[in-house]
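Reader: Can you walk me through this one? I'd like the fold, then the metal site, then a few residues.

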Amino acid sequence: MGALYLPVKHFHLLFVVSTLVLFNLRFWLRTRQPEKTLPKVLKILPHINDSMLLFSGMLMMHIIPWQPFGAHKWLGIKLLLVVAYIVMGVICLRAQPRSTKWWGAYALAMLIVAVIVYLARWKPI
Ligand code: HEM
């Protein structure tokens, strides 16, 4: 099982990049053309990608095993922030494009992802 860890971690990173690209694509397409609905693929693909992101993270937690609410507090905080990222994404994409809520939720979502990456990469706690 240990041999699986690195490949799973690389897939996790691929899903991290994809979630950011897909979210930003939806956000900027709606910002530029608020009157148009998004292509169907941009409504389905992000959900598949985010499920794989969650699944790959859970698989790594199982293999090591990481303890998010024990020895590895960075991961516990990261998981709470992942929930906050999802909530911000939903609030943002349901808001009126170009409204204060639209820009505010987007900025918060991006800030949260930056903190998540910091916690995962440098594990300060
Ligand atoms: C927006 C969501 C997420 C982002 C941006 C993210 C980001 C990252 C990054 C950048 C790394 C690599 C750290 C390094 O280079 O050492 C990583 C590793 C990891 N992530 Fe995530 N992740 C997310 C979601 C999740 C979820 C949902 C879980 C668990 C269910 C999870 C669990 C893990 C674990 C266990 C590692 C391995 C750490 C290591 O081997 O050093 N992640 N994540």
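This is a predicted model: local features need pLDDT of at least 70, side-chain atom pairs count only at pLDDT 80 or more; totals for chains, interfaces and linings use all residues.

Reader: What secondary structure does the protein have?

Author: Four helices and zero strands. The order from the N terminus is α-α-α-α.

Reader: What does the C-alpha trace span along its principal axes?

Author: About 50 × 25 × 15 Å.

Reader: And how much of the protein is buried?

Author: Buried residues are 34% of the 125.

Reader: What about contacts between residues at least 24 apart?

Author: They are 69% of the contacts between residues at least 6 apart in sequence.

Reader: On to the metal. Which protein atoms are donors to the iron atom of the ligand?

Author: NE2 of His12 and NZ of Lys78. They lie 1.7 to 2.1 Å from the iron.

Reader: Where do those two sit in the sequence?

Author: Histidine 12 is in helix H1, residues 5–32, and lysine 78 is in helix H3, residues 73–94. The pair therefore ties together parts that are 66 residues apart in sequence.

Reader: Are they buried or exposed?

Author: Histidine 12 and lysine 78 are both buried.

Reader: What's the arrangement around the iron, and why?

Author: Octahedral, because the six donor atoms subtend angles of 81 to 176°. To count as octahedral, opposite donors must be over 155 degrees apart and all others between 65 and 115. Ideal angles for six octahedral donors are 90 or 180 degrees.

Reader: Next, serine 56. Which residues is it in contact with, leaving aside neighbours within four places?

Author: Val8, His12 and Phe15. Serine 56 lies in helix H2 and counts as buried because its relative accessibility is 4%.

Reader: And threonine 19, buried or exposed?

Author: Buried, at 8% relative accessibility. Threonine 19 is in helix H1. Beyond its neighbours within four places in sequence, its contacts are Asn49, Asp50, Leu53 and Tyr85.

Reader: Now the surface. Which residues form the nonpolar patch?

Author: Val41, Ile44, Leu45, Ile48, Met52 and Phe55. Together they have about 530 Å² of accessible area.

Reader: Where is phenylalanine 55 found?

Author: In helix H2, which covers residues 41–63.

Reader: And why does phenylalanine 55 count as partly exposed?

Author: Because its relative accessibility is 47%. Exposed would need over 50%, and buried under 20%.

Methods:
Residues are numbered from 1 along each chain as its sequence is written. Side-chain values use heavy atoms; hydrogens and water are left out. Patches are made of residues with over 30% relative accessible area and no salt bridge: like charges are joined within 9 Å, nonpolar side chains (Val, Leu, Ile, Met, Phe, Trp, Tyr) within 5 Å. Accessible areas come from the Shrake-Rupley method with a 1.4 Å probe; for residues, only the protein chains shown count as cover. A salt bridge is a side-chain nitrogen of Lys or Arg within 4 Å of a carboxyl oxygen of Asp or Glu. Buried means under 20% relative accessible area, exposed over 50%, partly exposed in between (1.4 Å probe, protein chains only). Donors are N, O and S atoms within 2.8 Å of the metal (3.2 Å for Na, K and Ca); water is not among the atoms, so sites may look incomplete. Four donors count as tetrahedral if all angles lie between 85 and 135 degrees; four count as square planar and six as octahedral if opposite donors are over 155 degrees apart and all others between 65 and 115; anything else is irregular. Contact means heavy atoms within 4.5 Å.
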